[in-house]
Amino acid sequence: MAILLTDLTAATMRGGYGLIPDAAIVMDTVMDGAITWFGPRADLPAAYRALPDTALGGRLVTPALIDCHTHITFAGNRASEFELRLQGASYEEIARAGGGILSTVTATRAATEEALVSAALPRLDAIIADGAGTVEVKSGYGLTVADELKLLRAARRLGTLRRVTITTTHLAAHAIPPDYAGRADAYIDEVAIPSLSAAHAEGLVDAVDAFCEGIAFSPAQVERLFRHAKSLGLPVKLHAEQLSDLGGAALAARYDAVSADHLEYLSPEGIAAMAKAGTVAVILPGAFYTLRETQAPPIAALRAAGVAMAVATDCNPGSSPMTSLPLAMNMACTLFRMTPEEALLGTTAHAARALGLTDRGTLAAGQRADLAVWDAAHPAELSYRIGARALHARYIGGRFDA
């Protein structure tokens with residue numbers, strides 16, 4: 001009920017790369033198996049030396065990657081808006097004209113739960129194929145109680161159809177639908193909070209998110225939702241400071257948010273609040289790239305303040321139609337000047353923190369045995385390559401997954 005991996009270079013991702021050349025890993029294969037023993041092969045205890053030995057040919061092994069911010073359950077696409085942006089229209093202009101999130105809402109409301117699952121599976125498969133073992137999935141394209149629950153049920157089903165951990169996030173406070181135009185407070189009272197209560201009662205939600213922005217919800221409105229989330233014992237996170245600085249990151253930090261995401265317009269005060277609260281900064285270069293933004297998140301200031309930085313795909317139909325974490329890592333390095341080590345920490349250890357998970361994201365005895373085996377000699381190669389599929393294999397819960 002255990003297997004032994006040898007002839008590998010391990011990146012523990014504990015405080016940095018934490019490289020161990022010629023390492024060995026012993027894994028339990030029962031159910032959601034854990035790492036039983038891990039370290040230099042020369043130190044392998046005698047009790048494990050008789051186990052069947054799978055030699056990995058000197059390949060690099062890291063924790064399986066974690067995509068801590070996605071919106072993969074939706075219907076339709078927004079290629080036409082991509083063309084409009086190339087002609088000069090801004091994301092905000094498109095949204096205010098009825099496009100953007102609301103156009104996806106129309107298509108998503110018309111789709112069945114089964115259709116949403118079928119549409120999401122190819123996106124999930126692409127994320128998995130680039131090394132992920134855990135994927136967060138948000139709602140937010142239904143904007144009615146029934147449709148938000150439909151999206152969360154679809155997300156939960158994805159985790160039964162693939163060997164991957166799916167965590168679900170309630171994001172009903174994503175946009176204001178046309179029937180609530182000018183009545184955002186009523187939307188919070190009549191849709192966001194009731195749908196959260198219903199999702200919690202049904203066991204569909206692991207965390208609560210909102211979009212704090214001029215085209216979405218104010219800090220005061222978000223705070224009302226956060227208070228309700230906390231009353232249910234749910235962790236919170238926030239889309240903050242993507243298009244302007246409304247003080248969302250500081251608000252999130254006051255509620256001990258696990259993460260604040262995007263952060264292009266993050267202020268020094270917001271950075272200080274996040275550092276004090278231990279809130280992870282989730283960096284989303286795909287949206288920055290797609291929207292052709294010019295103001296980058298303050299990476300150097302976050303680094304100086306000791307704020308942990310995660311990196312995610314933000315896979316969504318409008319601003320980041322991307323399904324590759326290694327590509328997100330490359331973008332984080334080239335666009336924002338994160339280091340390859342920071343980028344890999346951002347998709348392993350720090351991504352786990354951004355989801356409130358303590359059993360994965362690093363290699364150590366007792367951690368969940370979710371591993372990615374790469375056709376690479378050094379971890380920097382994972383951020384260096386553009387569009388290359390370097391994954392050799394995954395082990396999920398200690399079991400091989402080609």
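Q: Axes here are lines fitted to C-alpha atoms, for helices over the stretch in contact, and angles run from 0 to 180 degrees between N-to-C directions. With that settled, at what angle do the axes of α6 and α7 cross?
A: This is a predicted model, to start with. In it, the axes of α6 and helix α7 (residues 219–231) cross at roughly 20° and come within 10 Å. Angles under 35 degrees count as roughly parallel, which makes α6 roughly parallel to α7.

Q: And which hand does the crossing of α6 and α7 have?
A: Right-handed, as α6 passes α7.

Q: Which residues of α6 and α7 make the contact?
A: On the α6 side you have A184, D185, I188, D189, A192, I193, L196 and S197. From α7 come Q221, R224, L225, H228 and A229.

Q: How does the contact of α6 with α7 split by class?
A: Seven residues are nonpolar, three are polar and three are charged.

Q: OK, now the other side of α6. At what angle do α5 and α6 pack?
A: About 40°, and the axes of α5 and helix α6 (residues 184–201) are 9 Å apart. The two helices are therefore oblique to each other. The crossing of α5 past α6 is right-handed.

Q: What meets what between α5 and α6?
A: α5 brings V145, E148, L149 and L152, and these meet E190, V191, P194, S195, A198 and A199 in α6. By class, this contact of α5 with α6 has seven nonpolar residues, one polar and two charged.

Q: How about α4 and α5, what's the angle there?
A: Helix α4 (residues 113–129) packs on helix α5 (residues 145–161) at about 50°, with the axes 9 Å apart. That angle makes α4 oblique to α5. α4 also passes α5 in a right-handed crossing.

Q: Which residues of α4 and α5 make the contact?
A: α4 uses E113, E114, L116, V117, A120, L121 and L124, while α5 uses K150, L151, R153, A154, R157, L158 and L161. The contact of α4 with α5 divides into nine nonpolar residues, five charged and no polar.

Q: Where does α5 lie relative to the strands, and at what angle does it run to β7?
A: α5 lies across β6 and β7 (165–173), and it runs at about 170° to β7.

Q: Moving to the sheets. What's the strand order in the open sheet of eight?
A: The order is β5-β6-β7-β8-β9-β10-β11-β12, with parallel pairing. At the edges sit β5 and β12 (309–311), each pairing on one side only. From one strand to the next, the twist averages 25°.

Q: How many bridges join β11 to β12?
A: Three, and strand β11 (residues 280–283) runs parallel to β12. Within that stretch, V282 stands opposite A310 in β12.

Q: And the open sheet of seven strands, what's its order?
A: β3-β2-β1-β4-β13-β14-β15, and the pairing is mixed.

Q: Do β4 and β13 run parallel or antiparallel?
A: Antiparallel, with four bridges joining strand β4 (residues 53–63) to strand β13 (residues 371–374). T62 is the residue that stands opposite A372 in β13.

Q: Different topic. How many aromatic pairs does the structure hold?
A: Six. One of them is F74 with Y141, whose ring centres are 6.2 Å apart and whose planes meet at 75°.

Q: Why is the pair of F74 and Y141 edge-to-face?
A: Rings pair if their centres lie within 6.5 Å, and planes over 60 degrees apart count as edge-to-face. With centres 6.2 Å apart and planes at 75°, F74 and Y141 therefore make an edge-to-face pair.

Q: Where in the chain do F74 and Y141 sit?
A: They link distant parts of the chain, 67 residues apart. F74 is in the loop between β5 (65–67) and α1 (79–86), and Y141 is in the loop between β6 (132–138) and α5.

Methods: Residues are numbered from 1 along each chain as its sequence is written. This is a predicted model: local features need pLDDT of at least 70, side-chain atom pairs count only at pLDDT 80 or more; totals for chains, interfaces and linings use all residues. Side-chain values use heavy atoms; hydrogens and water are left out. Two strands pair if DSSP finds at least two bridges between them. Angles under 35 degrees count as roughly parallel, over 145 as roughly antiparallel, 65 to 115 as roughly perpendicular and the rest as oblique. A crossing is left-handed if the near helix is turned anticlockwise from the far one by less than a right angle, and right-handed if clockwise. Contact means heavy atoms within 4.5 Å. Ala, Val, Leu, Ile, Met, Phe, Trp, Tyr, Cys and Pro count as nonpolar, Asp, Glu, Lys and Arg as charged, and the others, Gly among them, as polar. Rings of Phe, Tyr and Trp (its six-membered ring) pair if their centres lie within 6.5 Å; planes under 30 degrees apart count as stacked, over 60 as edge-to-face and the rest as tilted.
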